[in-house]
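Let's take a walk through this model together, one piece at a time. Keep the coordinates open beside you as you read.

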Amino acid sequence: MASVVRRKNKAGETTSFQVKWRDGGSKTGDWQTERFDDEESANVFKQAVDEAGQNWPPGWVKGQGYINETSADELRYRFDHFARESVEHRTASDRYKRQRIRALEMYIFPTFGLCDVRSAEHFSKATIGSWVNKMLATKVRRGSKIKDMSPETLRGLHGLLSSILKEAVIAEPPLRDRNPCDLTRLPTADDRGIDDNESSDDMEFMTPEEVAGLVECFPWASDRMLVRLAYGTGLRWGEISALAARHARNPRPGEYEVRVVRAWKRRVYAPWYLGPPKTKAGRRTVEITAGLWQELQEYGLAKLGSDELIFHNGEGDRLKYATFWERWGRAVKRAKARGLLPEWKHPTFHDLRHSHVAALLSDGHSLTYVQRRLGHESIKTTSDRYGHLLETAHKAALVTIDRVMGFVSPAAVAPPEIRSGGDCKRAVHVAYLGSRQIGFWDLGHAEGTAERWVRERGGSVHIETTTSDGWVGAFGGGAGPESALKAVRSQMPRRTWVWRAGPVAYAADGSEVVTHPGAGELDGRWVWDFEDGYTQEPAHGSAEWRRGSEAETAAWAWGCDEEAVRAAYANARAEALRICGQHPDRAARGREPVT
């Protein structure tokens with residue numbers, strides 16, 4: 001890039017300003033210079049040289065300036081100049097602008113940089129299509145791999161180009177009649193298939209066992225702690241590397257958290273600094289488990305000063321991602337060599353965040369809970385359905401994180417065997433779900449069932465551990481031991497989404513009786529296999545007499561297929577109307593049967 005140099009006399013006074021650059025921008029190009037009396041003019045000319053690709057600006061003559069006013073004006077409409085102005089004038093962060101300028105320089109300027117933004121010949125459906133095909137053949141680096149440019153990356157570049165041409169269309173006065181990018185069909189992820197050695201997703205999810213294996217491959221305790229905390233919290237690199245000792249807290253007995261209030265930032269040509277997190281929602285408190293808190297204590301958290309970084313470069317300063325990335329790469333190679341990580345997986349540090357989400361969602365935790373935990377402003381697949389249960393889901397989520405990280409949660413502590421009467425008896429874990437008691441041989445199955453029940457039904461649940469004899473005595477109901485123990489589950493109960501309509505009731509004269517508001521509307525919910533109404537059939541319908549002096553006939557329907565339930569409900573109502581006049585209790589009301 002061109003530079004501005006102050007020219008001074010023997011007294012040290014600035015006498016002029018010289019713009020200096022190498023012709024064409026190459027290292028071997030001849031030095032070019034131009035002198036100005038004031039710094040402002042020198043900076044304006046420097047920018048013109050940069051925009052001209054380290055060449056003399058069109059229409060400029062050395063020592064004289066622009067002698068062709070038309071050439072100077074035409075520079076405004078050259079695409080590289082117009083595009084830079086477009087990005088610089090956007091109301092966005094410096095980081096956003098740097099990224100867009102870099103993308104323009106790498107992928108768009110080489111094709112369109114010297115084109116006229118007004119030209120229908122330079123920018124047409126054909127030229128945009130040709131550029132798209134060129135990008136499809138472009139190789140890009142992803143981590144340590146050289147791969148084809150992904151459709152997602154191409155869509156981003158195409159969107160950037162389209163946004164700049166759109167500004168030309170809506171300019172006052174308009175510079176173009178239309179945006180040719182609107183006429184371009186972009187490829188989808190399936191257009192060229194997926195290589196056997198590639199993943200179809202940019203995110204790499206690791207199982208808890210794979211993460212544990214990867215941790216073992218880091219020789220330094222600080223790196224092992226960093227990876228464990230990242231997986232246990234889902235924090236971004238800029239957030240976790242900015243944590244000071246005061247941000248890890250134990251506010252109340254049995255509660256532990258990490259407070260995210262800052263992250264490492266960088267401005268153009270400026271040193272790194274601590275600023276706010278990526279988004280407003282990024283300023284948050286992330287609960288951590290007792291096991292993870294204990295690991296932090298063993299790591300030496302309590303010995304650090306309140307302002308000292310938990311993870312640093314060994315001298316108390318910022319830990320550079322590039323430095324850690326080298327150690328990460330070596331650990332991944334070791335994990336693969338030891339068979340702890342599949343060869344086809346190429347995880348990055350940020351994939352610990354994705355894997356943290358996978359661990360929570362696979363156990364059925366609310367997307368809204370996950371969204372707030374990660375500090376996202378929004379999440380494409382978010383659902384507010386269980387938002388009101390976030391507080392209830394909190395402890396269950398911590399149990400999940402403890403389990404996937406290999407800790408034993410205090411709530412889950414139970415001996416695998418219980419001794420009673422001198423004999424070793426098998427343990428039975430009893431989940432109290434409302435008025436029901438469900439027995440499990442496996443504690444994890446009991447906890448998982450209890451977590452889901454709380455999210456869907458609310459209320460309080462608890463788990464007790466007893467002996468097999470205790471289960472038979474308390475819940476056998478007089479049945480023999482063999483029959484009682486058959487009721488103890490060896491896996492989690494099944495559940496299915498069941499649609500239900502009704503019941504609606506009819507009096508003996510055929511008039512409809514309102515049993516409760518919305519009785520005739522279709523409604524759905526999860527039903528467990530130990531509850532009445534559980535089915536895997538598309539639909540059931542029923543019309544029955546209700547015993548009693550009211551002589552009512554009820555109709556309802558339920559099943560797994562919404563449309564089939566609607567049809568079954570209509571048939572059940574028709575049947576109820578047909579038989580309501582024949583209700584056996586009608587005589588008690590002093591009425592004759594309806595014929």
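Start with helix 3 (residues 79-88) and helix 6 (residues 151-170), which pack at an angle of about 95 degrees with their axes 10 Å apart. That angle makes helix 3 roughly perpendicular to helix 6, a label given to angles of 65 to 115 degrees, whereas those under 35 count as roughly parallel, those over 145 as roughly antiparallel and the rest as oblique. Axes here are lines fitted to C-alpha atoms, for helices over the stretch in contact, and angles run from 0 to 180 degrees between N-to-C directions. Helices (H or I, at least four residues) and strands (E, at least two) are DSSP runs, numbered from the N terminus.

A word on the ground rules: this is a predicted model, in which local features need pLDDT of at least 70 and side-chain atom pairs count only at pLDDT 80 or more, while totals for chains, interfaces and linings use all residues. Residues are numbered from 1 along each chain as its sequence is written, and side-chain values use heavy atoms, with hydrogens and water left out.

Back to the two helices: which residues in helix 3 meet helix 6? Phe 79, Phe 82, Ala 83 and Ser 86 do, and their counterparts in helix 6 are Leu 161, Ile 164, Leu 165, Glu 167 and Ala 168; contact means heavy atoms within 4.5 Å. Seven of the residues in the contact of helix 3 with helix 6 are nonpolar, one is polar and one is charged. In this scheme Ala, Val, Leu, Ile, Met, Phe, Trp, Tyr, Cys and Pro count as nonpolar, Asp, Glu, Lys and Arg as charged, and the others, Gly among them, as polar.

Now turn to an open sheet of three strands, in the order 8-9-12 with antiparallel pairing; two strands pair if DSSP finds at least two bridges between them. Strand 8 (248-252) and strand 12 (284-288) are at the edges with a single partner strand each, so one side of each has no neighbour in the sheet. On average, neighbouring strands of this sheet are turned by 40 degrees against each other, direction ignored. Strand 8 is joined to strand 9 (residues 255-260) by three bridges, and Arg 252 stands opposite Glu 255 in strand 9. The hairpin of these two strands has two residues between them, and there Gly 254 takes a positive phi near 85 degrees. Strand 9 pairs with strand 12 over five bridges, with Glu 287 in strand 12 as the bridge partner of Glu 257. Helix 10 (residues 290-299) lies across strand 8, strand 9 and strand 12, at about 95 degrees to strand 12.

Finally, look at the aromatic rings. The whole structure holds 24 aromatic pairs, where rings of Phe, Tyr and Trp (its six-membered ring) pair if their centres lie within 6.5 Å, and planes under 30 degrees apart count as stacked, over 60 as edge-to-face and the rest as tilted. Trp 21 and Trp 56 form an edge-to-face pair, 4.9 Å centre to centre with 70 degrees between the planes. Trp 21 lies in strand 2 (residues 14-22) and Trp 56 in the loop between helix 1 (39-51) and strand 4 (60-61), so the pair ties together parts 35 residues apart in sequence.
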